[in-house]
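Thanks for coming. I will go through a few positions in this model and then say something about its core.

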Amino acid sequence: MFIIKNINGGQIYAVDLYGSIIQKYAADDTLIGPIGGGILYRPTGAAVDRNGFIYVSDFGNNRIVVLDSTGNYVTTIANGGGGNGQVQ
């Protein structure tokens, strides 16, 4: 499990590789709930920007996914392959 903390909002995100979700916690450690379910497959890391967008390394799908602060899919900024904007 990989854990990050959002400095701006104080939320804590636990990236669950085998559960293929991210558990989101409030600053007081109260579970808000899982996010990314059905979108992610074996996420390995995440980062949160100052606007609350969550950038997830979606290892199982060979891509980087952007979720909004509530966990809704926004876009894919890189996907598997060998060309420009693709990751291997």
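Serine 20 is buried, because its relative accessible area is 13% and buried means under 20% (over 50% is exposed, in between is partly exposed, all with a 1.4 Å probe and protein chains only). It is in the loop between β2 (12-16) and β3 (21-25); strands here are DSSP runs of E, at least two residues long, numbered from the N terminus.

Before going on, the source of all this: it is a predicted model, where local features need pLDDT of at least 70 and side-chain atom pairs count only at pLDDT 80 or more, while totals for chains, interfaces and linings use all residues. Residues are numbered from 1 along each chain as its sequence is written, and side-chain values use heavy atoms, with hydrogens and water left out.

Back to serine 20. Leaving aside residues up to four places away in sequence, serine 20 touches Gly36, Gly37, Leu40, Tyr41, Arg42 and Pro43, where contact means heavy atoms within 4.5 Å. The side chain of serine 20 also reaches the backbone nitrogen of arginine 42, at 3.0 Å.

Now arginine 42 itself. It is in the loop between β4 (31-35) and β5 (43-48). Its relative accessibility is 33%, so arginine 42 counts as partly exposed. Its phi is near 60 degrees, a positive value in a residue other than glycine.

Where else do we find a positive phi in a residue that is not a glycine? Asparagine 62 has one, of about 50 degrees. Asparagine 62 is in the loop between β6 and β7, and is partly exposed because its relative accessibility is 39%.

Asparagine 61 lies in the loop between β6 (54-58) and β7 (63-67). With a relative accessible area of 34%, asparagine 61 is partly exposed. Beyond residues up to four places away in sequence, asparagine 61 touches Ile39, Leu40 and Tyr41.

Last, the core. The largest nonpolar core has eleven residues, among them Tyr13, Leu40, Val56 and Leu67. A nonpolar core is a set of buried Ala, Val, Leu, Ile, Met, Phe, Trp, Tyr and Cys residues joined through side-chain atoms within 4.5 Å. At least two residues of this core come from each of β2, β6 and β7. In soluble globular proteins, nonpolar side chains tend to be buried together.

Conventions: Helices (H or I, at least four residues) and strands (E, at least two) are DSSP runs, numbered from the N terminus. A polar contact is a pair of N or O atoms within 3.5 Å; within protein, one must be able to donate a hydrogen and the other to accept it, and residues adjacent in sequence count only if both atoms are side-chain atoms.
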